[in-house]
Amino acid sequence: IGPQSPYAARCLSETDLLNDLSVIIVAIRRTDGDLVFHPNGETELREGDMLILIGNAESVRRLIEGNR
């Protein structure tokens, strides 16, 4: 999650990741190295987070391009 990402400082339930991009977040790697497995809707996305997800190549590309 980059500094200009529309997802930074938002809970997963506040994003359009599943409905708009058809990606499923299976884990989040925090900047301190902690891993959050099977995050729920209340999990907050933070700048610097690395998302580990399942989705088709086009959806993943769109997500990467929009979150730098």
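Throughout these legends, contact means heavy atoms within 4.5 Å. The model is a predicted one, in which local features need pLDDT of at least 70, side-chain atom pairs count only at pLDDT 80 or more, and totals for chains, interfaces and linings use all residues. Residues are numbered from 1 along each chain as its sequence is written, and side-chain values use heavy atoms, leaving out hydrogens and water.

View 1. Let's start in the loop between β3 and β4 (44–45), where Thr43 sits; strands are DSSP runs of E, at least two residues, and helices are runs of H or I, at least four, numbered from the N terminus. Thr43 has 12% relative accessibility and so counts as buried (under 20% relative accessible area, 1.4 Å probe, protein chains only). Leaving aside residues up to four places away in sequence, Thr43 touches Arg10, Cys11, Leu12, Ile28, Arg30 and Val36.

**View 2. The open sheet.** Here 3 strands are arranged in the order β3-β2-β5 with antiparallel pairing (pairing takes at least two DSSP bridges between two strands). Because β3 (35–37) and β5 (50–54) are at the edges with a single partner strand each, one side of each lacks a neighbour in the sheet. Strand β2 (residues 24–29) is joined to β5 by 5 bridges, and Ile28 has Leu51 as its bridge partner in β5.

**View 3. Who lines the second largest pocket?** Its lining is made up of Ile1, Gly2, Asp49, Met50, Leu51, Leu53, Val60, Leu63, Ile64 and Asn67 (a pocket is an open set of points on a 1 Å grid over the protein atoms alone, where a 1.4 Å probe fits, with protein on both sides within 12 Å along at least five of seven lines; lining residues have an atom within 4 Å of a point). Two or more of these residues come from each of β5 and α2 (57–65).

Notes
Buried < 20%, exposed > 50% of the residue type's maximum accessible area, 1.4 Å probe, protein only.
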